Amino acid sequence: MEKEGFSSRAGAIAAAAGSAVGLGNIWRFPYVLGQNGGAAFLLVYVLFMLLIALPVLMSEFAIGRKAGLPVLDAFKSLAPGKKWYLIGFSGVLCAFVISSFYQVVSGWTLFYTYMSATGQLSSLSEQEVETMFQHTASDPVICVIWMLVMLGITGFVVARGVDKGIEQYSKILMPVLLVLIVVVCVRSVSLDGAAEGISFLLSPDFSKLTPSALFEALGQAFFSLSIGMGTMTTYGSYISKKQNLSSSAMSVAMIDFFIAFLAGLMIFPCAFAFGINPGQGPGLVFVTLPNIFNQMPMGQLISVAFFFLLVVAALTSSISLLEVVVTFIRSSFGFKRKKATFISAACVAFFGVACSLSSTVFDLFDKVSANILLPLGAFFIVLFIPYELGKKRVCEEFEAHGGKFKLFGVYYFLTKYIVPVAILFIFAYGIYGWING
Ligand code: PHE
């Protein structure tokens, strides 16, 4: 299999950020936060990001760069003859499960781009906006067709190899998306009745923090950073030895968190201003945003641009997901990239249709991947650091660029003791919470 790379080594970090920032930040984060009580959840999320998710991201980068190989081969080459490479298999399964429902939400986003471009989202009443989403999510034809279109675009890009075009476009388009988010935030927080939404997001009420909220916060942190399934290990293998690994990981995590936070600041003030239930689930962003756009000058233009840029953000993430499956099929069966992409996309299409037609399957895929598969994957990835690589080799990797990693001791302590124990504990606690409703 020929090695494919990015146009520049710095491109590897941009690509990792492209994988991280996506629907997870703008669609999933607000809906999960809304269901789990708001500000207290946000606080726990920040804590988990810093103490659990960031060390996992650093570990994935370090493993990938040390081996210089994609996830499966990375574990095989760093620990020959051992079973660590099974992490790669669970990653493939996970990429597959996430892709299936991710494409459905990407499809809704593309459909909303089309609807706003044709003026069909303009001047709808709040009730009509809500009905529009219910209609979209429950119409099998809309869901399946738009999901397939998004999957087709993803497949097209993946079939051509890590694409320089997408990389260059997204480097320009993602900052534009960020600017638009800020503009929409400003409008949202200045709506009449926004204050309640701001306090929902910022003043914590710890009585709302249930065991399953901790579980959800952890799953969301992993989902949002694309960690726990080896994607970031593979991206790590593209990072140059000259780059500072720890600060690269920190930048990716910061960008990712910042965008999710802004998404919250955009959604909740508006949701409260319009009397929308913040805990309603996966439809939250779609029933909220059109209402703000309707309150803005040049609202239609902003709406088209916003949904379009969200499609691009979703695309860079779904490319990274499909790529995992394609790499696996290529290296296991020796197929060419095009054939492997076609087979992967066909399988994702099959399960994507199931997620389009049944909200039970959709929810199951969403929860099982983020809350179960990713934490389990992350658990084994962090164990690999102290128990297989060992302190000296890991430290060498972090300091390969010639500088010192001042917080290495903290990172190593977290990775060896805190992260695995915390994952297990939160996991058990969450399952207990789930079972007991
Ligand atoms: N992190 C991506 C997002 O936030 C989703 C994703 C998860 C992508 C896991 C790759 C791997 O949208």
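This is a predicted model: local features need pLDDT of at least 70, side-chain atom pairs count only at pLDDT 80 or more; totals for chains, interfaces and linings use all residues.

**Loops and ligand shell**

Biologist: Is Gln 120 buried, partly exposed or exposed?

Modeller: The relative accessibility of Gln 120 is 36%. Buried means under 20% and exposed means over 50%, so at 36% Gln 120 counts as partly exposed.

Biologist: What distance separates the C-alpha atoms of Gln 120 and Ser 248?

Modeller: Along the chain, Gln 120 and Ser 248 are 128 residues apart.

Biologist: Which residues come nearest to the ligand?

Modeller: There are 16 residues around the ligand, and they divide into seven nonpolar, nine polar and no charged. Those of the 16 that come nearest are Ala 20, Gly 24, Tyr 102, Phe 223 and Ser 226.

Biologist: How much of the accessible area of the ligand does the protein cover?

Modeller: A polar backbone atom of Ala 20 is 2.8 Å from an oxygen atom of the ligand, and a polar side-chain atom of Tyr 102 lies 2.4 Å from an oxygen atom of the ligand. A nitrogen atom of the ligand, in turn, is 2.9 Å from an N or O atom in the side chain of Ser 226. Of the 320 Å² of accessible area that the ligand has on its own, the protein covers 100%.

Biologist: Which elements give two or more residues to the shell around the ligand?

Modeller: The ligand sits in the second largest cavity. The elements that contribute two or more residues to the shell around it are helix H1 (10-20), helix H2 (23-35), helix H5 (86-117), helix H10 (211-225) and helix H14 (299-333).

Biologist: Is Ser 226 buried or exposed?

Modeller: Ser 226 lies in the loop between H10 and helix H11 (231-236), and its phi is near 55°, a positive value in a residue other than glycine. Its relative accessible area is 12%, and since the cut-off for buried is under 20%, Ser 226 counts as buried.

Biologist: And Met 298, is that residue buried or exposed?

Modeller: Met 298 is found in the loop between helix H13 (284-293) and H14, and it has a positive phi of about 55° although it is not a glycine. Its relative accessibility is 61%, and because exposed means over 50%, Met 298 counts as exposed.

Conventions. Residues are numbered from 1 along each chain as its sequence is written. Side-chain values use heavy atoms; hydrogens and water are left out. A residue is near a molecule or strand if one of its heavy atoms lies within 4 Å of it. A polar contact is a pair of N or O atoms within 3.5 Å; within protein, one must be able to donate a hydrogen and the other to accept it, and residues adjacent in sequence count only if both atoms are side-chain atoms. Accessible areas come from the Shrake-Rupley method with a 1.4 Å probe; for residues, only the protein chains shown count as cover. On a 1 Å grid over the protein atoms alone, a cavity is a set of points where a 1.4 Å probe fits but cannot get out, and a pocket is an open set with protein on both sides within 12 Å along at least five of seven lines; lining residues have an atom within 4 Å of a point. A molecule sits in a cavity or pocket if more than half of its atoms lie within 2 Å of its grid points. Helices (H or I, at least four residues) and strands (E, at least two) are DSSP runs, numbered from the N terminus. Ala, Val, Leu, Ile, Met, Phe, Trp, Tyr, Cys and Pro count as nonpolar, Asp, Glu, Lys and Arg as charged, and the others, Gly among them, as polar. Buried means under 20% relative accessible area, exposed over 50%, partly exposed in between (1.4 Å probe, protein chains only).
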